[in-house]
Amino acid sequence: METLPLPSLQAFSALQLLRNTAPRLASDFAGLGIVFYDSLAALPHLRLEVGGDERFDLPVFGLEPICEVFARTARQSSAWHDGFHFVCAGTTTLTHLCQFIAPPLPGVADAAPRASGARHMTALLASKVAGIAAIGLLTHERAASIYEAGRLTASETL
């Protein structure tokens, strides 16, 4: 069994947000990706097109209100379920929903990172970007993963 490195305070916050969101999830839960950031200057991202009538007023402050937004958006029946959502790490503020992120790929000289699946590889690579504190994922099977600095630092089933 591989030993995970010790997670940071941001990783514990990310995991707590996933833990608090998990019990509220609907049966059509589609998965959840959260970027915890200090700065977004170095992470290329674009807002995904979202249809439908449901709207969210951003920013959203605090753990419980953010969990409620995630529970409403992370369902197949919500137009807001795709992409990554952004939370400012220092203030626990949800600032962006449904973002496509494009982390830089490692150079030829770099060791190829290992993660299974596109969402996990995206999280791993994005966690290496300056200004990104942690990336939290929750799969539709309720498997939570936290990536920091290009490494998996926390993993559990919720």
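## Aromatic pairs

The whole structure contains two aromatic pairs. Rings of Phe, Tyr and Trp (its six-membered ring) count as a pair if their centres lie within 6.5 Å; planes under 30 degrees apart are stacked, over 60 edge-to-face, and the rest tilted. Tyr37 sits in strand β1 (residues 32-37) and Phe86 in strand β4, so the pair ties together parts 49 residues apart in sequence. Helices (H or I, at least four residues) and strands (E, at least two) are DSSP runs, numbered from the N terminus. Tyr37 and Phe86 are both buried. Buried means under 20% relative accessible area, exposed over 50%, and partly exposed in between (1.4 Å probe, protein chains only).

Phe56 pairs with Trp80. Their ring centres are 5.4 Å apart and their planes are at 90 degrees, so this pair is edge-to-face. Phe56 belongs to the loop between β2 (45-47) and β3 (60-61), and Trp80 to the loop between α2 and β4, so the pair ties together parts 24 residues apart in sequence. Phe56 is buried, and Trp80 is too.

## Model and numbering

This is a predicted model: local features need pLDDT of at least 70, side-chain atom pairs count only at pLDDT 80 or more, and totals for chains, interfaces and linings use all residues. Residues are numbered from 1 along each chain as its sequence is written, and side-chain values use heavy atoms, with hydrogens and water left out.

## His85 in strand β4

His85 lies in strand β4. It counts as buried because its relative accessibility is 1%. The His85 side chain reaches the backbone nitrogen of Cys98 at 3.0 Å. That is a polar contact: a pair of N or O atoms within 3.5 Å, where within protein one must be able to donate a hydrogen and the other to accept it, and residues adjacent in sequence count only if both atoms are side-chain atoms.

Setting aside neighbours within four places in sequence, His85 is in contact with Leu32, Gly33, Ile34, Val35, Phe70, Thr73, Trp80, Leu94, His96, Leu97 and Cys98. Contact means heavy atoms within 4.5 Å.

Ala74 is located in the loop between α2 (63-73) and β4 (84-88). With a relative accessible area of 3%, Ala74 is buried. Phe29 is 45 residues away along the chain, yet the C-alpha atoms of Ala74 and Phe29 are separated by 5.6 Å.

Leaving out neighbours within four places in sequence, Ala74 is in contact with Leu25, Asp28, Phe29, Ala30, Gly31, Leu32 and His81.

## Salt bridges

Side chains of opposite charge can pair when their charged atoms come close. Five salt bridges turn up in a search of the whole structure. A salt bridge is a side-chain nitrogen of Lys or Arg within 4 Å of a carboxyl oxygen of Asp or Glu. One of them joins Arg19 to Glu156, with the closest N and O atoms 2.7 Å apart. This pair links distant parts of the chain: Arg19 is in helix α1 (residues 9-21) and Glu156 in strand β8 (residues 151-157), 137 residues apart. Arg19 is partly exposed, at a relative accessible area of 34%. Glu156 is also partly exposed, at 26% relative accessibility.

Glu64 and Arg24 form another salt bridge, at 2.2 Å from N to O. It links distant parts of the chain, with Glu64 in helix α2 and Arg24 in the loop between α1 and β1, 40 residues apart. Glu64 is partly exposed at 40% relative accessibility, and Arg24 is partly exposed at 28%. Arg24 also forms a salt bridge with Glu68, the closest N and O atoms being 2.4 Å apart. Glu68 lies in helix α2, so this pair ties together parts 44 residues apart in sequence. Glu68 is partly exposed, with a relative accessible area of 40%. Shared partners join Arg24, Glu64 and Glu68 into one salt-bridge network.

## Cysteines

The structure has zero disulfides. Cys67 is in no disulfide; its nearest cysteine sulfur belongs to Cys88, 16 Å away. A disulfide is a pair of cysteine sulfur atoms within 2.5 Å.

Cys67 is buried, with a relative accessible area of 0%. Cys88 counts as buried at 17% relative accessibility.
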